[in-house]
Amino acid sequence: MSQTAHPFDMIIIGASGDLARRKLVPALFNLHQYGALPEGRIFAVARNYDDPEGYLAKLRDSSEEQLGTSFDAEHWPDFISRLKTSVVDATEKKSWSMVANALKKHPDRIRVFYLATPPSLYGDISQTLSEAGLVTGTTRIVLEKPIGSDLQSAEDINRRVGEFFEEPQIYRIDHYLGKETVQNLMALRFSNALFEPLWRSQHIDHVQITVAETLGMEGRGDYYDQAGALRDMVQNHLLQLLCLTAMEPPARLDQDAIRTEKIKVLKSLRPMGIEDVKRKTVRAQYRPGVVEGKEVEGFHQEKNIDRKSTTETFVAVKAEIENWRWAGVPFYLRTGKRMGHRVSEIIIQFKTVPHLLFEDQANRLQDNRLVIRLQPDESIKLWLMIKKPGSKIVLKRTHLNLNMADTYEGRRPPLAYERLLMDVIRGNATLFMHRDEVEEAWRWVEPILQGWEELGTRPRIYSAGSWGPAESIALMVRDEREWLEHLV
Ligand code: BG6
């Protein structure tokens, strides 16, 4: 990455929040300490800072926490000299005057407004930025997910923001698309002759996508109680993973071609009627339990959570794609807070061999499986059957393992936000979502939300530190399958 190209000014709106602290500032600092952040300034603006003096110290602590041993304290003072904090009410034109004066010094720079605020403010903030004269020809606006809380609100936001910014200026971020292994999924699929012929219903039994977190609310109760796991994770991250797994090869590696293929997948998702919601979805909430050896409280005891809240912290869904490639291949999606381990992976489970040659070994035979792991470690494993050494034929399961840390020893993969923030600065929108994608995803998700409401059932429960409620296991057992986390 060139340091000299693309001088920029980035204005993080909502800088006192969790996202700026936990993800954005550590990513920017990491780029800075590796000399990869172009010349430029960062304006951290917030309506108020609970503890203005302690704010920078908090940013340092969380950068250190996120980056671990890669955090080099020597670079921190220099980084902080590039960051200015300002108290701004982003929906008040007058409130912008100081930042506006500072921005005027470099009117030609790439200007990036990063909206790390509740999505309900995106329209008003866009309008204010425009009226305050802050939107130049080189301005880009980044919208964090979730865009809206249902289809209608997503359309409203897209329309309002669209009144003040052209579509190419709008970067809708889904940080899962910036993860190294997610991009590797495309490389794996589209640059190996091996997989494409197998990547279809004739050879694949089903696909599992799991994003399990050990974290609870982390002080985000206010937001999360309104959102829940379906809006927070499934509508965006999990559906994006599904799209990249299921899409047809794009004609080119550019944003339009990829987006077109992803939208086709979203449009092919079998709509969820009320019966589907009843049979193919599970929602649940965690109760107190033990996560990684530590006792933790239940969802209802967390700060800013309504004691009677019915918001789900876990979802499992059986999704079906109605097209030639995927007919009859279910995609099981699952995500939850406070689960047993932090793990995100996509598992492609292949079908059983058509004829059993080693009949006496039938009970040992296990189907091939491709496991694409996004975190905590990044790896791609292909499970195969081989013969154990010895005079008799005894089958054994083993795997080919492409572990990124071992393969690229000493090479640090960029954090998802590093990659994406640099893409915004460079003007590369390939890994960002178009408004049509966001709206299409809502179109599939919304009936699930409505179905839960209509059915009026309460969320199931699971103990913190477990793998979700019994009903999630039942969802698989009914199809004579099982979740594979403990097997890989
Ligand atoms: C965010 C969600 O988009 O993704 C959070 O709002 C979640 O609730 C986070 O914790 C997970 O991201 P990652 O990169 O830690 O898996």
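1. Let me start with the second largest pocket: 15 residues line it, and R283, T310, L449, W452 and E453 are the ones nearest its centre. Bear in mind that this is a predicted model. The space inside this pocket comes to about 300 Å³.

2. Which helix gives the most to that lining? Helix α14 does, with four residues. Both α8 (221-227) and α14 (435-455) supply at least two residues each.

3. Now for the ligand. Its shell holds 13 residues, and the closest of them are Y176, K179, E213, D232 and Q375. Helix α9 (residues 229-246) provides the largest share of this shell, namely three residues.

4. By class, the shell around the ligand has eight charged residues, three polar ones and two nonpolar ones. Among the closest residues you'll find K179 and D232, and both come up again in the next point.

5. For H175, the distance from a polar side-chain atom to an oxygen atom of the ligand is 2.7 Å.

6. How much of the ligand does the protein bury? On its own the ligand exposes 390 Å², and the protein buries 92% of that.

Terms used:
Residues are numbered from 1 along each chain as its sequence is written. This is a predicted model: local features need pLDDT of at least 70, side-chain atom pairs count only at pLDDT 80 or more; totals for chains, interfaces and linings use all residues. Side-chain values use heavy atoms; hydrogens and water are left out. A residue is near a molecule or strand if one of its heavy atoms lies within 4 Å of it. A polar contact is a pair of N or O atoms within 3.5 Å; within protein, one must be able to donate a hydrogen and the other to accept it, and residues adjacent in sequence count only if both atoms are side-chain atoms. Accessible areas come from the Shrake-Rupley method with a 1.4 Å probe; for residues, only the protein chains shown count as cover. Ala, Val, Leu, Ile, Met, Phe, Trp, Tyr, Cys and Pro count as nonpolar, Asp, Glu, Lys and Arg as charged, and the others, Gly among them, as polar. On a 1 Å grid over the protein atoms alone, a cavity is a set of points where a 1.4 Å probe fits but cannot get out, and a pocket is an open set with protein on both sides within 12 Å along at least five of seven lines; lining residues have an atom within 4 Å of a point. Grid points are joined across faces, edges and corners, and a volume is the space filled by probe spheres set on the points.
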